[in-house]
Amino acid sequence: MPAARPKKENISATPPSDDGHLKDSHAENSKSKRKRQSQSCDACRARKVRCARENAEDPKQSCRHCITLGIPCTYDYQPKKRGPPNLYLRRLQEAAAAAAANNNPQDSPSDAEPQSATATSPPQHLVISPVIHPKSPTAFLQEPPLSAHPTVPSMPMPPSRYPIAADTYHGHAFPPPAPHHPSPPYNGPRSADPTSSGPPGLLHGHVTSPKSEEPNYTPDAYGNYPPVFNAWSYKQQQHQVVPLPPPQQVPPLSYYYRPRRLEEIAPRDTISLIIALFFDFVYPLTPCIHKPSFMADLHARREERDPLFFALVMSTVASTLVQVPRSYLPMERPVVRKLAQTCHEASRHITIASYDPPTSSHVVIRYFDCVYHFCEGHDATQHAAFGEAAHIAVTLRLHEEASYEGLDPIECEIRRRIFWLLFGADKSMSILLGRPICLRDEDCTVHFPKELDDEYITPSAYLPQPHGKTAIVSGLNYTSRIFALLGEILVRIRVDKRSPPQGHFATARLEEVQSLHQRIMTALSHTPEPLRLKPSQLLQQTPAEYGGAGFRQATFAEVKDFFENPNASRVNALNPFLVMQANLYVTQQLVRFVIDQYRDELIMTLHGSLDEQKVAEDREAVASELLGILHSIPIQSIATNGPSLVHKVRFVASTLLDAVRKAETAPASAARAHAYLWDFLSILSEIERNYLLDDDRDGTSSADGIGIMG
């Protein structure tokens, strides 16, 4: 154990002095332990020298320095108490003085201040006291002077029991902050009023100077923004003068959720005409409205009592206006587009405030909104509307068959139909855009809709469908079966991309894919007679007759007559089964093509090579069969499907470009593929162009578009 360190004597250094007596005194006292020095006089304290008196106990005796200098030797200094200053006591004294000054306005506040200051006044370099303005109640709206903000000395903080990242902060590692300015420099637009002194911003109203421009703040090469954004804080702005503009009332959401009249949007006859067009041309592909009850409610003016029904009518009108040929409506294209926009916004204002409780009408409305944005080219908004519709459907448990117990037949069928429409749109989005699947087939237990026409579905019972009469909803059922097969292959593709199968697992997967190929080829073999594409239709023309300038000119003339001539024949367009034939068989070829592509990938994984000639023949067979379908169905029925069918055909046709690039190795096959591709894109792009309501846009569509109608 180390020895104890001896205690040092308390010897204080004395400043040098030219006085001889002081040196003698210092020499005598250093020989022995001196006594504690008594209080020094005021002069020696000010000079910071040792006060030397003959008799230290006699306060009236002058010290040697004062005698030598010939000045009076006084002892007026009052020593302070040891320890930190009592700031709390001082604040109480100042507050009491301020209260006394307010109670006695005739007395000057300066009379009370010296008393509180002389009671226990700590040293000035240790005191930090707030500035109190007892006679300035409007200090909240005024800018305080810079002197009112004292500098707070930095004091070390004790370590916390629960350390955080801020405990490692060291002030010396960072430069000192810039001095605070009450009004930071601003180079943006300012008010035109030269007398305005407040900082510019939203609280000052709109910018009145049209020539001023916003400063262009751009990050540097490292992604850092200018210091003006990093240094801004509430503390810098809390003392600024912020003029308050007159309050502008923002209506609550409940303001829009109120009964409305159709005449507020358009004449009732115009609305009735558009609704009739919906049931004639759009309803066969999207039968998610029960026609008898919908028309009865419309005739009874239910929208004037039920805001949600008004929103349903508005969304139906908006989606119809963007899906029917312009020759069907006696209005100019800009008028049609403006009316569609107005109807959509009216529906949106109402439904945004009516989500609780959710209903099947919300799902139908959002699906119609999705179709509207798809046809208008609003890709991101279209996906957002689809997301709302899908999540509301899941919230209502439309994917579970058990959730349909206790519902009336009309509500059951509306829910089943809208769910399977969303199911097909989800698969189209996944394959055409490469997006994840939202509604997986293994999570769905709901049955397909009953194959009954609307007039045989009542609020209390299902009536039998007449024998030999095919229900329109059967087209949706067969399309849903095809998309269910597409969902199965997409799930396998996603799983195999994460963990590619090897060996026996790859062989088993190839057998599954070949089974799916067989199922998709026979998916439409048992369709009802009106939906079945007859073999005689496919054999009317040979592949050599599919192309050619004569065919293209005749088809273009027929498309132009269909879209622009109000007196053109509508027989084929009004046949719902011909319209559904085009959608069914094109969708079948799309899914077949996806399955063939993945089958080739699995064969490549197992054997390491592919038979290029066999692959080219398979691709050409798909293209030839698809082109035969398009030639077998009247062009009016194809055109009634709208852009949704165009996107499906374009997806298959684009892959033929690979065959065109191989012109050196397979010139004959490449020439045929090129001819098919030309026929596909030239005719269908013309159909797509005629659905646009904006004359400034061309026929090209965004890559984010999807075949929304399944």
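R337 and E376 form a salt bridge (a side-chain nitrogen of Lys or Arg within 4 Å of a carboxyl oxygen of Asp or Glu), with their closest N and O atoms 3.1 Å apart. Because R337 belongs to helix α11 (residues 333–351) and E376 to helix α12 (residues 360–376), this pair ties together parts that are 39 residues apart in sequence; helices (H or I, at least four residues) and strands (E, at least two) are DSSP runs numbered from the N terminus. The model is predicted, so that local features need pLDDT of at least 70 and side-chain atom pairs count only at pLDDT 80 or more, while totals for chains, interfaces and linings use all residues. Residues are numbered from 1 along each chain as its sequence is written, and side-chain values use heavy atoms, with hydrogens and water left out.

**Overall make-up**
- The protein chain contains 24 helices and zero strands, and buried residues account for 39% of its 710 residues, where buried means under 20% relative accessible area, exposed over 50%, and partly exposed in between (1.4 Å probe, protein chains only).
- Of the contacts (heavy atoms within 4.5 Å) in the protein chain with a separation of 6 or more, 75% join residues 24 or more positions apart.
- The accessible surface of the protein chain comes to about 41,900 Å², 57% of it belonging to carbon and sulfur atoms, with areas taken from the Shrake-Rupley method with a 1.4 Å probe, and for residues only the protein chains shown counting as cover.

**Salt bridges**
- The salt-bridge rule gives a count of 34.
- In the pair that opens this briefing, R337 is partly exposed at a relative accessible area of 26%, whereas E376 is buried at 6%.
- E263 and R261 also meet in a salt bridge, at 3.6 Å from N to O; E263 is partly exposed at 29% relative accessibility, and R261 is partly exposed at 39%.
- R599 and D596, which are both buried, form a salt bridge at 3.7 Å from N to O, and they are separated by about one helical turn because they stand three residues apart in helix α19 (residues 576–607).
- R599 and D596 also take part in a network of salt bridges that links them with R592, D600, K614, D618 and E625.

- Among the buried residues of α11 are V336, L339, C343, H344 and I350; the buried set covers an arc of only 160 degrees around the axis, which puts its members on the same side of α11, the arc being that of the directions from the helix axis to the C-beta atoms.
- On the other side of α11, P334 and K338 are exposed.
- D369 lies in helix α12 and is buried, with a relative accessible area of 2%; leaving aside neighbours within four places in sequence, D369 is in contact with S315, H344 and A385.

- Not counting residues up to four places away in sequence, V313 touches L262, I271, F294 and L298.
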